[in-house]
Amino acid sequence: MVLLRLSTLALLSLRVLSALAQEDASPEDAVNPSKSPNLAVKVSTSFPSSEIFGIKLVNGHPTQALLSFTNDEASPINVAFVGGSLWGPDPKTNGATSRIVRNVTSTRYNVEIPAGEKESVSYSFATELHPQDLRLQLTAVVANEAGTMYTLNAFNETVSVVEPDASLFDVQLIFLYLFLLAIFLGTLYFVYNTWITTLFPQKARAGKGGERAKRSSGGSKKVDPADQVAVVGADGPAVTSGAKAYDESWIPAQHLNRPEARRVKSGARPKSRGKPE
């Protein structure tokens, strides 16, 4: 029950601290260890993923901060909360004063540090801001054995807010490019079928049955009677033109030279093949 009251009080103190700091001229006027009551506790902040050119806050990606506490008190202390804010120039005063641009996430810890010991806690937050240079201020709220709350300035330096690096193998970008390409191709297809095809006349399609045969033969073409050959078949006499409708080069010669049919008189009797008397 006591711990819950301490946590609630610590959270309220963070909110009051942010409100008072926002009314002040700059973040340097916020509570720091030198102005806090005499408490033998030291805190330092480092950013493991920071670069040699400075600390960068990448939009959409969590920023990891490592807060190291050193308790030189004769009694244990409790790390209740860690929070902070981002400061920038106030446009109303043309940058003469600063204002809070965004409050970062406040995280509850309730980590107890014995007397004379050191302890580190990990703190992470994310940003979604326009690329710019801001001042990051991190504040830790600790409580002594008697339950008295103290605010410690853990970090107060300039950082850079940047956009994440674009990669060709980013899955989201690949799907975005494919989606835009599909929209572009669909628009071109719609424009082509709606306006482009009307500018070019379409060819007439071939007719059915006899019309196709008539067009393939070049219309009604007269056949020379000299080229007509009489053919007698089972279905009666028929007349066909002398023009050959097939290629004879691949047919063997013995099949082309057909034997002539011999005419047999109807009244003649075939000679008897019997033995002579």
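Author: The questions and answers below concern a predicted model.

Reader: How many helices and strands does the protein have, and what share of its residues counts as buried?

Author: The elements run α-β-β-β-β-β-β-β-β-α-α-β-β-α from the N terminus on. This order comprises four helices and 10 strands. Of the 277 residues of the protein, the share that counts as buried is 24%.

Reader: Among contacts between residues at least 6 apart in sequence, what percentage joins residues at least 24 apart?

Author: Contact here means heavy atoms within 4.5 Å. Among the contacts between residues at least 6 apart in sequence, those that join residues at least 24 apart make up 66%.

Reader: Which strands stand at the edges of the open sheet of five strands?

Author: The sheet has mixed pairing and the order β2-β8-β7-β4-β5. One side of each edge strand is left without a neighbour in the sheet, because each has a single partner strand. Neighbouring strands of this sheet are turned against each other by 30° on average, direction ignored. The strands at the edges are β2 (56–58) and β5 (98–113).

Reader: In which sense do β2 and β8 pair, and what is the bridge partner of V58?

Author: Strand β8 covers residues 149–162, and three bridges connect β2 with β8 in the parallel sense. V58 takes part in this pairing, and its bridge partner in β8 is V162.

Reader: What is the order of the open sheet of three strands, and which are its edge strands?

Author: The pairing in this sheet is antiparallel, and the order is β1-β3-β6. The twist from one strand to the next averages 20°. Pairing on one side only is found for the edge strands, β1 and β6 (118–125).

Reader: How many bridges join β1 to β3, and which residue is the bridge partner of V43?

Author: β1 and strand β3 (residues 63–71) run antiparallel and are joined by six bridges. The bridge partner of V43 in β3 is F69.

Reader: Why is the pair of F47 and F155 edge-to-face?

Author: A search of the whole structure finds three aromatic pairs. In the pair of F47 and F155, the ring centres are 5.1 Å apart. Planes over 60 degrees apart count as edge-to-face. The planes of F47 and F155 stand at 70°, so the pair is edge-to-face.

Reader: Where do F47 and F155 lie in the chain, and are they buried or exposed?

Author: F47 is in the loop between β1 (41–46) and β2, whereas F155 is in strand β8.

Reader: Is L152 buried or exposed, and which residues does L152 touch?

Author: L152 has its place in strand β8. Its relative accessibility is 2%, and therefore L152 counts as buried. The C-alpha atoms of L152 and T139 are separated by 5.6 Å, although these residues are 13 residues apart along the chain. Not counting residues up to four places away in sequence, L152 touches V41, V43, L138, T139, A140 and V142.

Reader: Why does S75 count as buried, and which residues is S75 in contact with?

Author: S75 is found in the loop between β3 and β4 (77–89). Buried means under 20% relative accessible area. S75 has 16% relative accessibility and so counts as buried. Leaving aside neighbours within four places in sequence, S75 is in contact with A115 and E145.

Reader: What is the volume of the largest pocket, and which lining residues are the closest to its centre?

Author: The volume of the largest pocket is about 260 Å³. The elements that give two or more residues to its lining are β2 and β3. Of the 15 residues that line this pocket, the closest to its centre are S49, E51, K56, V58 and V162.

Reader: Which strand holds N110, and what is the phi of N110?

Author: N110 is found in strand β5. At 27% relative accessibility, N110 counts as partly exposed. Although N110 is not a glycine, its phi is positive, at about 55°.

How values were computed: Residues are numbered from 1 along each chain as its sequence is written. This is a predicted model: local features need pLDDT of at least 70, side-chain atom pairs count only at pLDDT 80 or more; totals for chains, interfaces and linings use all residues. Side-chain values use heavy atoms; hydrogens and water are left out. Two strands pair if DSSP finds at least two bridges between them. Axes are lines fitted to C-alpha atoms, for helices over the stretch in contact, and angles run from 0 to 180 degrees between N-to-C directions. Rings of Phe, Tyr and Trp (its six-membered ring) pair if their centres lie within 6.5 Å; planes under 30 degrees apart count as stacked, over 60 as edge-to-face and the rest as tilted. Buried means under 20% relative accessible area, exposed over 50%, partly exposed in between (1.4 Å probe, protein chains only). On a 1 Å grid over the protein atoms alone, a cavity is a set of points where a 1.4 Å probe fits but cannot get out, and a pocket is an open set with protein on both sides within 12 Å along at least five of seven lines; lining residues have an atom within 4 Å of a point. Grid points are joined across faces, edges and corners, and a volume is the space filled by probe spheres set on the points.
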